[in-house]
Amino acid sequence: MVYKITRKNVLEAVNKEKRLDGRGLLEHRPIEVNFGVSNKAEGSVSVKFGKTEVVCGIKMGVQEPYTDHENEGTMTTSMELLPLSSPDFEYGAPSIGAVETARIIDRGIRESGFIEFEKLCIKDGEKVWSIFIDLAIINDDGNLIDAGALAAILALMSARFPEYDEKKEKIKFGEFTDKKLPLNADKMPLTTTFFKLGEKIFIDPTREEEEVTEGRLTIEVSKPEKEEMINAMQKGGEAVFSTEEVEKMVDESTKIFKKLNSLVNEELKKAKKEAKEK
Amino acid sequence: MAYTKRFDGRKIDELRETSAKIGVVPNADGSALFKQGDTIAIAAVYGPKILNPKHCQNPEKGVLRVHYNMLSFSVSERIRPGLSRRSQEISKVTEWALSPLVLLDELPGTVIDVHINILQANAGTRCAGINAAAMALAAAGVPMTEMISAVAVGKIDDKIVTDVTKEEEDYEDGEGATDIPVAFLSNSGKLTLLQLDGRIQAKRMKEALEAGKEACKKIFEIQKKALKEVE
């Protein structure tokens with residue numbers, strides 16, 4: 001439920017370019033990363049953006065390839081808005097919000113070339129690996145697209161193949177190899193969603209802020225070589241954007257990419273160090 | 001090999017043969033067919049009507065509901081009939097594309113149902129659907145501020161092209177294919193639909209948006225002409 005007073009407060013704050021929690025318009029909440037939160041998964045991570053927490057688990061499967069990509073593995077992304085994470089979520093079939101969010105995250109990963117799908121082929125036309133990227137919301141305080149997208153990337157990077165019995169053509173679940181997934185680290189896509197309220201545009205809203213925004217634009221950026229590339233975009237909500245606004249958001253998204261990129265590298269370094277100490 | 005000539009011989013900023021027709025579903029309050037090359041979308045509008053069950057009503061404004069559906073035989077490999085994750089998402093983005101131009105504030109307690117069906121698909125189905133739906137809304141006499149026109153621009157290899165076909169969408173050489181469906185309002189020139197998938201240099205987005213805007217102006221003329229032909 002949105003109270004008019006909330007909208008008024010948020011609007012007044014963003015018009016002064018200072019958010020209710022004191023942040024600037026293009027500033028993230030503190031981001032916290034914890035790997036290995038679920039040990040049966042091939043890879044897992046918890047990502048927090050302030051009070052928002054998303055857990056991502058990677059599971060692997062073996063299946064027949066699709067007829068139009070006979071030598072490529074497959075990937076499925078799904079998101080569950082767990083009723084535990086918010087009084088607004090209910091049990092039942094995935095809501096349109098969950099479906100859309102998962103599809104946006106899926107597109108950025110797929111289109112960037114981050115996963116080398118050919119290397120997931122076990123036997124041409126017969127058996128390929130499938131990657132399941134499952135996102136679960138633990139606590140919803142807004143900006144689930146960006147938090148989910150970051151969790152998916154980090155979980156993929158931490159994942160390892162399970163043992164595979166070639167004779168029985170079955171996975172030995174619970175037994176892990178040291179082999180990481182075939183990822184192109186330099187094609188890693190990172191996601192920023194811009195939200196619009198009145199004439200102002202800002203990122204990483206809390207649930208309170210997000211509820212009163214009029215629209216959003218998600219931009220997924222990678223930097224395979226020297227130049228930033230856009231791999232996916234999605235406008236959501238009823239707001240309209242001018243071409244100038246879109247161009248400005250595209251430009252900002254490349255700057256935010258740099259920040260997120262160094263955050264990811266630092267977290268991976270930290271995780272590696274911790275693993276060694278164990 | 002670089003993509004220097006389009007598969008169907010069009011200029012890079014040229015639309016496919018486009019036609020539009022009003023009143024294809026006599027039962028509906030407004031309906032339209034929009035054909036863009038081999039892609040055909042039919043849209044029917046029912047409403048504004050009282051929204052039932054009553055608890056779904058919004059006492060402050062009307063509700064616009066879009067149902068996008070691809071007919072199972074509209075593509076080469078049959079698709080399972082019914083709701084898919086893809087069709088749910090397209091329904092939602094189409095709602096967002098259309099809502100800004102409908103004066104929903106003047107229609108509290110009501111619903112406008114927009115049903116879009118794709119009869120034949122060769123890329124750009126959501127755009128054709130939006131074009132048909134906008135015309136159907138106008139034909140139904142729904143109060144609107146302006147019209148909307150949509151087109152899929154794209155980057156095929158290193159060329160920004162207008163109105164992408166399936167064959168172009170599947171282009172894999174060079175820089176590959178990037179698909180960018182956009183919708184522009186007819187008066188204010190603002191965007192109400194923007195999606196992208198593929199890989200495009202951030203610096204070239206401006207060029208792509210310009211191409212989309214120009215193409216939408218042409219589509220708007222076709223929509224307007226069809227609407228005027230109705231007696």
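The contact between the two chains draws 28 residues from chain A and 25 residues from chain B, two residues being in contact if their C-beta atoms, placed from the backbone, lie within 7 Å. The structure is a predicted model, in which local features need pLDDT of at least 70 and side-chain atom pairs count only at pLDDT 80 or more, whereas totals for chains, interfaces and linings use all residues. Residues are numbered from 1 along each chain as its sequence is written, and chains are lettered from A and ligands numbered from 1 in the order in which they are written.

On the side of chain A that touches chain B, two or more residues each come from α2 (96–112), β11 (215–222), β12 (229–237) and α5 (243–277) of chain A; helices (H or I, at least four residues) and strands (E, at least two) are DSSP runs, numbered from the N terminus. The largest share, nine residues, is given by β12(A). This side of chain A divides into 12 nonpolar, seven polar and nine charged residues, where Ala, Val, Leu, Ile, Met, Phe, Trp, Tyr, Cys and Pro count as nonpolar, Asp, Glu, Lys and Arg as charged, and the others, Gly among them, as polar.

β12(A) pairs with β9 (residues 191–201) of chain B in the antiparallel sense over five bridges; pairing requires that DSSP finds at least two bridges between two strands. Within this pair, Gln234(A) has Gln195(B) as its bridge partner. β12(A) also pairs with β11(A), again in the antiparallel sense, over eight bridges, and Ile219(A) stands opposite Met233(A) of β12(A).

These strands belong to an open, antiparallel sheet of eight strands, in the order β10(A)-β9(A)-β11(A)-β12(A)-β9(B)-β8(B)-β6(B)-β7(B). β10 (200–203) of chain A and β7 (159–162) of chain B stand at the edges with a single partner strand each, so one side of each is left without a neighbour in the sheet. On average, neighbouring strands are turned by 20 degrees against each other, direction ignored; axes are lines fitted to C-alpha atoms, for helices over the stretch in contact, and angles run from 0 to 180 degrees between N-to-C directions.

Helices from both chains pack on this sheet. α5(A) touches β9 (190–197), β10, β11 and β12 of chain A together with β9 of chain B, and its direction makes about 50 degrees with that of β11(A). Helix α4 (residues 205–228) of chain B touches β12 of chain A together with β6 (148–156), β7, β8 (177–185) and β9 of chain B, at about 140 degrees to the direction of β6(B).
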